[in-house]
Amino acid sequence: MADAVDGDELLRRIRGARDWAMEEEARLRAEADAAPGAQGASGPAELAGAFTVVRSVLDKIIEPGKHPDIDRAPSGPGS
């Protein structure tokens with residue numbers, strides 16, 4: 001089992017994960033803008049939407065009540 005961490009360390013790790021999700025979201029959105037034809041269930045725009053949700057959840061953990069619900073990512077076929 002992993003060692004226990006204090007609240008400050010946990011918050012540092014959550015912020016690091018949030019920052020990483022934000023970077024991935026931006027990278028994938030840029031990729032989707034550069035290649036608009038790359039679509040589908042695992043296209044860059046859809047993957048960026050997943051990182052948007054991850055980032056939003058981490059934001060709500062870090063600062064509960066400060067962040068309104070985000071708009072849902074565009075739905076694809078079969079959603």
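Val57 counts as partly exposed, at 45% relative accessibility. Here, buried means under 20% relative accessible area, exposed means over 50%, and partly exposed lies in between, using a 1.4 Å probe and protein chains only. Val57 is found in helix α2. Helices (H or I, at least four residues) and strands (E, at least two) are DSSP runs, numbered from the N terminus.

This is a predicted model, in which local features need pLDDT of at least 70 and side-chain atom pairs count only at pLDDT 80 or more, while totals for chains, interfaces and linings use all residues. Residues are numbered from 1 along each chain as its sequence is written, and side-chain values use heavy atoms, leaving out hydrogens and water.

**Surface**

Together, Val53, Val57 and Ile61 make a nonpolar surface patch of about 250 Å². Patches are made of residues with over 30% relative accessible area and no salt bridge; nonpolar side chains (Val, Leu, Ile, Met, Phe, Trp, Tyr) are joined within 5 Å, and like charges within 9 Å. The accessible surface of the chain comes to about 6000 Å², and 56% of it belongs to carbon and sulfur atoms. Such areas come from the Shrake-Rupley method with a 1.4 Å probe, and for residues only the protein chains shown count as cover.

**Helices and packing**

The chain has two helices and zero strands. Of its 79 residues, 23% are buried. Helix α1 has 28 residues, which at 1.5 Å a residue should span 40 Å; its end C-alpha atoms are 41 Å apart, which agrees. The expected span is 1.5 Å times one less than the number of residues.

The buried residues of α1 are Ile14, Arg18, Ala21, Glu24, Glu25, Leu28 and Ala32. These buried residues pack against α2. Among contacts (heavy atoms within 4.5 Å) between residues at least 6 apart in sequence, 48% join residues at least 24 apart.

**Salt bridges**

Side chains of opposite charge can pair when their charged atoms come close. The structure holds eight salt bridges, each being a side-chain nitrogen of Lys or Arg within 4 Å of a carboxyl oxygen of Asp or Glu.

Arg12 and Glu9 are three residues apart in helix α1 (residues 7-34), so about one helical turn separates them. Arg12 is exposed, at 52% relative accessibility, whereas Glu9 is partly exposed, with a relative accessible area of 22%.

Salt bridges that share partners join Arg18, Asp19, Glu25, Arg55 and Asp59 into one network.

**Around Glu25**

Glu25 has a relative accessible area of 12% and is therefore buried. Leaving aside neighbours within four places in sequence, Glu25 is in contact with Ala48, Phe51, Thr52 and Arg55. The side chains of Glu25 and Thr52 are joined by a polar contact of 2.8 Å. A polar contact is a pair of N or O atoms within 3.5 Å; within protein, one must be able to donate a hydrogen and the other to accept it, and residues adjacent in sequence count only if both atoms are side-chain atoms.
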